[in-house]
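Here are my notes for someone opening this one for the first time. Keep the viewer at hand and go through the points in order.

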Amino acid sequence: MRYHKVICLLILAVLSAGLYPVAFKDGEKLTFKVKYGIVSAGEAVLEAKSSSYQGNPVWHLSTTAKTYSFFDPFFKVRDRVESWWDKQTLLPYKFSKTLQEGNYRQHRIHTFDQAGRSTYYQKWSYKTDTWTNETQALPFDTQDMLSAFYEVRNRNLKPGAAVTVNITSDGRSVPTEIAVHRRERASTIFGTVDCLVIEPRVKSEAIFKQSGNILIWVTDDDYKIPVKLQSAVTFGSFIAILTDARNVPYSIKNPAK
């Protein structure tokens, strides 16, 4: 009898938490060194941790990017993107994006009603200091720009076989293709590991205001930890290398210098 009670309590605990298997650990924090050409000019951080949104258990996903102070006079970057991602459905409740890249500014918010197939889209005007607000129909269950990456990490990725994820950002909802190009061995802080090289073919603006394609190297395993990103942006090209990782299933063998 006591055994059955323990089992019931465990089941209730799991159900109440609304847990859904994900390809990362609670508190995962990934830090990248960002280089523009040969210059180490800034850093970017990806984090995923437990939180709540209007009483619902969520993953609070966030990414920040900033240039170092010495590089700010040339091209200052202060970007922050956040997503509140439901633990049970793995669909976002809210997405917020604030970009500062040189003279470029952007602040946009999507609040999602996935069941009602609608989103409340807010766009801030820095010229008039006002919000533009619009309720838009959603043609399908959708991810945002940030949650889409974490959702793709849950997928079974194979070279040559693209996957599609529905993404809503910047007032538009589109099916977006993630191309899986190839397997490649890469030198990382975890040692030399097998990776998959993927390319999100996004028709929108992400954490950087892109002007070209972006390639992402992720570990070829169940976790698909990003270890390198390479992209073209409005002010040139950049490469981001993983230099620190917290709450991941690997130990760091080659600390970044």
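1. Start with Phe-70, which counts as partly exposed because its relative accessibility is 47% (buried means under 20% relative accessible area, exposed over 50%, partly exposed in between, with a 1.4 Å probe and protein chains only). Phe-70 sits in the loop between strand E3 (56–67) and strand E4 (78–86). Strands here are DSSP runs of E with at least two residues, and helices are runs of H or I with at least four, numbered from the N terminus.

2. A word on what you're looking at: this is a predicted model, where local features need pLDDT of at least 70, side-chain atom pairs count only at pLDDT 80 or more, and totals for chains, interfaces and linings use all residues. Residues are numbered from 1 along each chain as its sequence is written, and side-chain values use heavy atoms, with hydrogens and water left out.

3. Now find Gln-106 in strand E6 (residues 104–113). Buried or exposed? Gln-106 is buried, at a relative accessible area of 2%. Its side chain makes a polar contact with the side chain of Lys-97 at 2.4 Å, and another of 2.6 Å with that of Tyr-104. (A polar contact is a pair of N or O atoms within 3.5 Å; within protein, one must be able to donate a hydrogen and the other to accept it, and residues adjacent in sequence count only if both atoms are side-chain atoms.)

4. Stay with Lys-97, which is buried at 1% relative accessibility. Its side chain meets that of Asp-170 in a salt bridge (2.9 Å, N to O); the term means a side-chain nitrogen of Lys or Arg within 4 Å of a carboxyl oxygen of Asp or Glu. Lys-97 lies in strand E5 (residues 92–101) and Asp-170 in the loop between strand E9 (163–169) and strand E10 (172–188), so the pair ties together parts 73 residues apart in sequence. Asp-170 is buried too, at 14% relative accessibility.

5. Next, Asp-220 and Arg-183: they form a salt bridge, with the closest N and O atoms 2.6 Å apart. Asp-220 is in the loop between strand E12 (210–219) and strand E13 (226–233) and Arg-183 in strand E10, so this pair links parts 37 residues apart in sequence.

6. Finally, helix H2 (residues 145–153): 9 of its 9 residues are buried, so the helix is largely enclosed by the rest of the structure. At its start, a side-chain oxygen of Asp-144 reaches to within 2.9 Å of the backbone nitrogen of Leu-146.
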